[in-house]
Amino acid sequence: AAIDYMKAEGLTCTSGCAISQRDLPNRIADGSPFAPHQISTVNEERTEAYIRADFAFDDLSVPIKGNFGLRHVEYQLASTGFTNFPKITLDPAANPDLGDWYEAADPGVLAFANGASGEKTTVEGKKFTKVLPSLNLTFGLREDLIARLGISEGLYFPTLTDARNNQVIYINKVDRLTNPGQPAGPTNPAVGIENVYFNGQSRNPNLQPEESVNFDATLEWYFATAGSLTGSLFYKDIDNLFRERYFFDTVTNNGQSRTVSFSGPTNEGSGALQGLELSYSQFFDMLPGAWSGLGVQVNYTHIEQDDLNDDQGLGCAQTENGAPLTILYPNGNPIDLGIRNTFRNFSGLGLPGFSEDSFNIVGMYEYGDYSTRLAYNWRSEYLVTSRDGNDIAPIYSKDTGYLDESFGYKINDAIKVGVEIS
């Protein structure tokens with residue numbers, strides 16, 4: 001039915017999407033299968049300039065060559081989006097007093113929580129400017145032995161998803177029961193509302209890039225015409241990390257303002273990544289005839305995280321001097337942040353996406369017009385996300401291995417056909 005509706009409206013969908021709640025007013029944006037609050041525009045302006053100088057000292061006892069470079073980066077985001085407000089649904093047949101209960105607990109709350117998508121607003125993020133130097137050196141220790149040293153600064157830019165101008169607000173209430181302190185149920189119904197409070201999710205157009213200082217040292221041994229053994233050490237000092245944190249913001253809708261406890265990304269913290277890489281590659285061209293096309297590649301990487309664990313997690317909000325931040329219900333009672341903000345609050349989490357160990361083994365064959373590769377890739381468990389949107393908990397991926405096969409045949413210099421299997 002959703003697909004038929006989209007066709008009738010002249011809309012297209014290429015990934016199996018469906019239209020949600022199309023029967024509700026103002027839920028579908030013009031010319032789109034999405035609700036207005038799901039649509040945001042992010043404009044990224046990035047200007048970069050490069051300069052590099054190459055040099056070589058071939059007459060030294062250990063010949064040295066390399067380059068020095070500077071990269072100038074200017075970066076700014078502007079994001080247009082909505083704030084999506086909750087909707088208090090009243091059913092006079094089920095509870096004719098519910099609206100009065102809400103207004104008694106928080107006067108004006110029905111006007112604030114009216115289900116609107118708010119006004120479209122544009123937030124211009126902070127302008128970021130940085131000059132990134134780099135130095136790369138190559139040392140010819142022997143004809144078959146090369147050492148490399150690299151020092152550089154780098155940037156990792158926030159994703160457009162995290163940089164959206166978008167807020168979604170939820171309403172929560174605490175019922176006043178007939179018998180306080182007893183479980184709610186048919187024999188202990190609500191007779192009013194004790195407290196009303198708001199929380200939500202927010203993205204951050206003011207996110208700045210993560211910054212890193214990178215050190216790499218490599219030793220390469222070319223022991224055969226088609227064979228090499230390489231060892232590398234690396235160290236990355238990372239600052240301005242992306243973290244998910246609680247923060248409070250005052251939001252106005254329909255003439256009513258409320259303080260909302262949001263969770264969203266911010267720049268906070270620093271740490272380091274360090275590790276080693278080992279690589280072996282060789283074609284056995286010393287073998288006779290077609291056997292000379294056989295080859296193998298083996299790579300192993302070990303990574304350790306230093307002071308990158310998020311010991312605070314989402315944590316409890318704090319004031320500038322580090323004291324716990326207290327926010328009051330409209331009736332003056334304090335919200336127990338120690339309970340609310342530590343719900344499924346996991347700390348000691350590392351950076352997402354990094355496995356401590358990984359390796360791959362590739363069997364190769366290249367001879368004449370034929371080529372084939374059989375590759376096995378494995379990585380140890382890793383953190384996918386520190387806070388899943390559904391379970392509000394960290395998500396880990398278990399140890400994972402992949403087997404891939406490819407086969408190619410060269411018909412002529414211009415045409416090659418192949419098959420890949422995973």
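Does Arg52 count as buried or exposed, and at what relative accessibility? In this predicted model, Arg52 counts as exposed, at 58% relative accessibility.

**View 1. A salt bridge joins Asp54 and Arg52.** The closest N and O atoms of the two residues are 3.0 Å apart. Asp54 is exposed, with a relative accessible area of 53%. Arg52 is exposed as well, since the cut-off for that class is over 50%. In total, the model has 17 salt bridges. Elsewhere, Glu44, Arg46, Glu48 and Arg71 are linked in a salt-bridge network.

**View 2. Arg258 meets Asp106 in a salt bridge.** The N to O distance is 2.9 Å. Arg258 belongs to strand S12 and Asp106 to the loop between H2 and H3, so the pair ties together parts 152 residues apart in sequence. Arg258 is buried, with a relative accessible area of 10%. Asp106 is buried too, at 2%.

**View 3. Glu153 and Lys130 form a salt bridge between two strands.** Here the closest N and O atoms are 3.7 Å apart. Glu153 sits in strand S6 (residues 145-156) and Lys130 in strand S5 (residues 128-142), 23 residues apart. Glu153 is partly exposed, with a relative accessible area of 28%. Lys130 is also partly exposed, at 24%.

**View 4. Five strands make an open, mixed sheet.** The strand order is S3-S7-S8-S12-S11. S3 (83-84) and S11 (242-253) stand at the edges with a single partner strand each, so one side of each has no neighbour in the sheet. S3 runs parallel to S7 (residues 167-177), and two bridges join them. Asn84 stands opposite Val168 in S7. Helix H2 (residues 98-105) lies across S7 and S8 (190-202), at about 70° to S8.

**View 5. The largest nonpolar core has 16 residues.** Tyr102, Ile169, Ile193, Val196, Phe198 and Val251 touch the most other members. H2, H3 (109-112), S8 and S12 (256-267) each give two or more residues to this core. H2 gives the most, with four. Another core, of eight residues, lies apart from it; among its members are Val73, Phe128, Leu132 and Ala163.

**View 6. Asn188 sits in the loop between S7 and S8.** Asn188 counts as buried, at 3% relative accessibility. Its side chain reaches two backbone nitrogens: that of Thr178 at 3.3 Å and that of Asn179 at 2.7 Å. Leaving aside neighbours within four places in sequence, Asn188 is in contact with Leu177, Thr178, Asn179, Gln182 and Pro183.

Note on methods:
Residues numbered from 1 in each chain as written. Predicted model: local features only at pLDDT ≥ 70, side-chain atom pairs only at ≥ 80, totals over all residues. Heavy atoms only, no water. Pairing = 2+ DSSP bridges. Contact = heavy atoms within 4.5 Å. Axes fitted to C-alpha atoms, helices over the stretch in contact; angles between N-to-C directions. Core = buried A, V, L, I, M, F, W, Y, C linked by side-chain atoms within 4.5 Å. Buried < 20%, exposed > 50% of the residue type's maximum accessible area, 1.4 Å probe, protein only. Polar contact = N/O pair within 3.5 Å; in protein donor to acceptor, adjacent residues only side chain to side chain. Salt bridge = Lys/Arg side-chain N within 4 Å of Asp/Glu carboxyl O.
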